[in-house]
Amino acid sequence: MNYHIAVDIGASSGRLVLGTIADGSLSLEEIHRFSNGFTERDGSCFWDIDYLFEEILRGLQKAKAAGISKCTLGIDTWAVDYVLLDAEGKRLQEVYAYRDRRTDGVMEEVAKLISPDKVYAKTGIQQLTFNTLYQLYAHDAKELAAADQILLVPDYLYYRLSGRKINEVTNASTTQLLNLAEREYDAELLSLLKLRREQFAPLTEPGEVLGSIKDELKQQYDLPDCELICAATHDTASAVLGVPVQDDRSAAYISSGTWSLLGVELDHPVNTEAAMQANYTNEWGAFGTYRFLKNIMGLWLIQEVRRLDRERYSFAELAELAAEAEGYLSLIPCNDPRFLNPDNMIEEIRLACAESGQPVPQTPGELARCIFDSLALSYRSYLGELEQLTGRPVEVLQIVGGGANNTLLCQLTADIIGREVLAGPTESTALGNLAIQLIHTGEVADIREARTIIGKSFKIQSYLPRPLPQLEALLARWEALHAVSAGGS
Ligand code: LFR
């Protein structure tokens, strides 16, 4: 039996998942789970990167204690955030979390130096305030100049384990610094940031072997013998690899977690004028593909409501309360930047409803219902845009990730988009991470086979649309809400 471990760290939690394949079926076992989140200090938001690294070691220790002495290992995390290293490989700074407000207004400042059209034509990446381009522009210039290396978060975690510096492509593309045509860092964008190419390691493709865990770590912590394999280190890239294959129907996906990433996998980028206007992104995928998708504010909205409500209810309970609340009463334009990192999400949602003359949600159930209804409506709007931009009608929507567990949201989505929703697997990110390892060992021939196996090994729930008599009126209200708010691209 070959053992494979996916280290998968999202903005709200991390886990080490053991994957094994037998008789054409893939099994998962969670070895270790830990919480994640950024903390605010003196007005800035930071991740605790040392804690995350220690949790990886703890998880590997557990694996060893459970009898796993040899395995392969891949790491994925959220995107865009970075670590600066000095020439000795020491970290120069605390790791900013992408919701930090230091990038407020930076996009507009950079637009005065280089036009957004030009940046999009070069990179194909959607405009998000937290793209690494804008974060680096906002970074202390002296510190940046002094940095010997700039590693993205998963690259840094691999470095801490192995001592090897990499720059994995699926994640590197989210920096908004890669040139699509040249498939390399864009010289003009680097010079705008006064950066040198050598400050980034050479681009690394998923599947590359990165060596093993440093001996001193292995001995100190009693870790298994791990062959480190370069995963598709951007969690969304791994999640897309973990989407089960659809043979005869044209499908789009939503990777549903802290963010809802709605899109399709393409073998070519679509960095057209229309795609730029609609603010769709072309993030690089494994095997030369592109994730043509849109960031939608996602479950962050409900995560924040739950946190501010002192975690009185579980997510499942919030969904139950939402199911009991009246539907389609109050709607929010989820993608309005006001929801990116407000001081108080509950108050921000209430304010948005009051400003647009809608009933103000009071209870956790009403707040949750407002969020789920609004997310389902935004999925419909962006799905329509996606079809137009790709010229490809979508017959079925595949929801993967934690959000696939939210039966209410999945059903509302099917109702609103008027198409079948296929929900699952929830662990698509870990599965995509493992797929690269299984292809490396030859246990699986290619990504198509991996996706077929994933589809067979995990329960996929179908949601069929129910008739919605008030749909026309609802869509008109949704349109009107966006005309007023003018927010959210
Ligand atoms: C999802 C995700 C998105 C990215 C955002 C910030 O976890 O990686 O793809 O846009 O987080 O990194």
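The following questions and answers concern a predicted model and its local structure.

Reader: On what basis are residues numbered, and which pLDDT do local features need?
Author: Residues are numbered from 1 along each chain as its sequence is written. In this predicted model, side-chain atom pairs count only at pLDDT 80 or more, totals for chains, interfaces and linings use all residues, and local features need pLDDT of at least 70.

Reader: Which residues come nearest to the ligand?
Author: A residue is near a molecule or strand if its C-beta atom, placed from the backbone, lies within 6 Å of it. The ligand has 14 residues around it, and those that come nearest are W78, A79, V80, T236 and W259.

Reader: How do the residues of the shell around the ligand divide into nonpolar, polar and charged?
Author: Ala, Val, Leu, Ile, Met, Phe, Trp, Tyr, Cys and Pro count as nonpolar, Asp, Glu, Lys and Arg as charged, and the others, Gly among them, as polar. On that basis the shell around the ligand holds seven nonpolar, six polar and one charged.

Reader: Why is helix α16 described as largely enclosed by the rest of the structure?
Author: Helices (H or I, at least four residues) and strands (E, at least two) are DSSP runs, numbered from the N terminus. A residue is buried if 20 or more other C-beta atoms lie within 10 Å of its own, exposed if 12 or fewer, and partly exposed in between, with C-beta atoms placed from the backbone. Helix α16 (residues 407-417) is largely enclosed because, of its 11 residues, the number buried is 10.

Reader: Against which elements do the buried residues of α16 pack?
Author: The buried residues of α16 include L408, C410 and D415. Contact means that the C-beta atoms of two residues, placed from the backbone, lie within 7 Å. The partners of the buried residues are α13 (315-324), α15 (364-390), β20 (396-400), β21 (420-423) and β22 (461-463).

Reader: At what angle do the axes of α13 and α15 cross?
Author: Axes are lines fitted to C-alpha atoms, for helices over the stretch in contact, and angles run from 0 to 180 degrees between N-to-C directions. The axes of α13 and α15 come within 7 Å and cross at roughly 85°. Angles under 35 degrees count as roughly parallel, over 145 as roughly antiparallel, 65 to 115 as roughly perpendicular and the rest as oblique. That makes the arrangement of α13 and α15 roughly perpendicular.

Reader: Which residues in α15 meet those in α13?
Author: The α13 side of this contact consists of L318, A319, L321, A322 and E324. The residues of the contact divide into seven nonpolar, one polar and two charged. Those in α15 are P364, G365, A368, R369 and F372.

Reader: Which strands stand at the edges of the six-stranded open sheet?
Author: Two strands pair if DSSP finds at least two bridges between them. The order of this sheet is β3-β2-β1-β6-β15-β14, with mixed pairing. Strands that pair on one side only are its edges, namely β3 (25-35) and β14 (209-212).

Reader: What is the bridge partner of S13 in β3?
Author: Strand β2 (residues 13-22) runs antiparallel to β3, and 10 bridges join them. Within this pairing, the partner of S13 is S35.

Reader: What angle does helix α1 make with β3?
Author: Helix α1 (residues 49-65) lies across β1 (4-9), β2, β3 and β6 (70-77). Its direction relative to β3 is about 130°.

Reader: Is R183 buried or exposed?
Author: R183 is found in the loop between β11 (178-179) and β12 (184-185). Its phi is near 50°, a positive value in a residue other than glycine. Because R183 has 12 C-beta neighbours inside 10 Å, it counts as exposed.

Reader: Is S173 buried or exposed?
Author: S173 lies in the loop between α7 (169-172) and β11. Leaving aside residues up to four places away in sequence, S173 touches I125, L178, E283 and W284. With 27 C-beta neighbours inside 10 Å, S173 counts as buried.

Reader: Where is the peptide bond from G424 to P425 placed, and what is its omega?
Author: P425 lies in the loop between β21 and α17 (428-441). The peptide bond from G424 to P425 is cis, with omega near 0°.
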